[in-house]
Amino acid sequence: MNYKRIHPIDLMNQKTADMCILDVRTAAEVQAAALPDCLHIPLHELTPERLRDEILKSGKSGSQVYLLCQAGRRAEMAADQLKGNINAELVVIEGGMNAVQQSQIPLKQAGKKVMSLERQVRIAAGFLVFTGVLLGTLVSSNFYFLSGFVGAGLMFAGITDTCMMGMLIARMPWNK
């Protein structure tokens with residue numbers, strides 16, 4: 001963890017036009033609400049080379065990169081992925097967009113409501129557990145393993161704070 005943290009209000013108090021804020025949420029999440037003038041590269045597409053290219057194209061200062069996601073975890077993952085690979089100080093925005101919205105910082109917002117990645121994961125996991133139980137009861141008890149597999153995946157996600165289903169869903173076409 002070689003990165004700093006900053007509260008959204010402190011960030012806005014020192015914001016300049018050439019400040020590099022990188023939003024690592026999915027495109028659908030960014031379309032729903034975003035900080036103005038941010039660079040956007042979804043976490044699953046983030047590479048040091050792509051970030052350097054985006055910084056050059058935007059004319060932003062690359063000496064510090066402020067990382068933003070929905071709640072903070074993906075920003076930390078981005079910092080871990082980038083550390084040592086770019087010549088910039090990495091700063092995670094504490095609490096992500098949730099904290100930005102709670103701080104009542106003005107955002108660019110689209111008219112349509114977009115389903116968050118976390119909510120999509122809960123729906124998919126619930127559907128798979130329900131399907132496993134239903135098929136286990138009606139077809140073959142072997143289908144109970146599906147529910148057990150999803151339960152084990154949820155425990156793994158809780159323990160490690162990484163969600164494979166979330167990473168997979170982030171790559172789906174409706175999140176582009």
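Modeller: With a term: a polar contact is a pair of N or O atoms within 3.5 Å, and within protein one must be able to donate a hydrogen and the other to accept it. Keep in mind that this is a predicted model.

Biologist: What lies 3.3 Å from a polar atom of the side chain of Ser-147?

Modeller: The backbone nitrogen of Val-133 lies at that distance from the Ser-147 side chain. Ser-147 itself sits in helix α7.

Biologist: Is Ser-147 buried or exposed?

Modeller: Buried means under 20% relative accessible area. Ser-147 has 13% relative accessibility, so the residue counts as buried. Leaving aside neighbours within four places in sequence, Ser-147 is in contact with Leu-128, Val-129, Gly-132 and Val-133.

Biologist: How many residues does helix α7 have?

Modeller: Helix α7 runs over residues 144–160 and has 17 residues. From first C-alpha to last, α7 reaches 24 Å, close to the 24 Å expected at 1.5 Å a residue.

Biologist: Which residues of α7 are buried?

Modeller: They are Ser-147, Val-150 and Ala-157. These residues cover an arc of only 85 degrees around the axis, which puts them on the same side of α7. What covers them includes α6 (117–138).

Biologist: Which residues are exposed on the other side of α7?

Modeller: Phe-145, Phe-149, Met-155 and Ile-159 are exposed there. Just after α7 comes Asp-161, with a positive phi of about 60 degrees.

Biologist: What should I read further along the chain?

Modeller: Take Gly-166, which is in helix α8 (residues 164–170). Its relative accessibility is 8%, so Gly-166 counts as buried. Leaving aside neighbours within four places in sequence, Gly-166 is in contact with Leu-117 and Val-121. The C-alpha atoms of Gly-166 and Ala-124 are separated by 9.6 Å, although these residues are 42 residues apart along the chain.

Biologist: How many disulfides does a search of the whole structure find?

Modeller: A disulfide is a covalent bond between the sulfur atoms of two cysteines. The search finds zero here.

Biologist: Which cysteine sulfur is closest to that of Cys-163?

Modeller: The one in Cys-69, at 14 Å, which is also too far for a bond. Cys-163 counts as partly exposed, at 25% relative accessibility.

How values were computed. Residues numbered from 1 in each chain as written. Predicted model: local features only at pLDDT ≥ 70, side-chain atom pairs only at ≥ 80, totals over all residues. Heavy atoms only, no water. Helix = DSSP H or I, 4+ residues; strand = E, 2+ residues; numbered from the N terminus. Expected span 1.5 Å × (residues − 1). Buried < 20%, exposed > 50% of the residue type's maximum accessible area, 1.4 Å probe, protein only. Arc of directions from axis to C-beta. Contact = heavy atoms within 4.5 Å. Disulfide = S-S within 2.5 Å.
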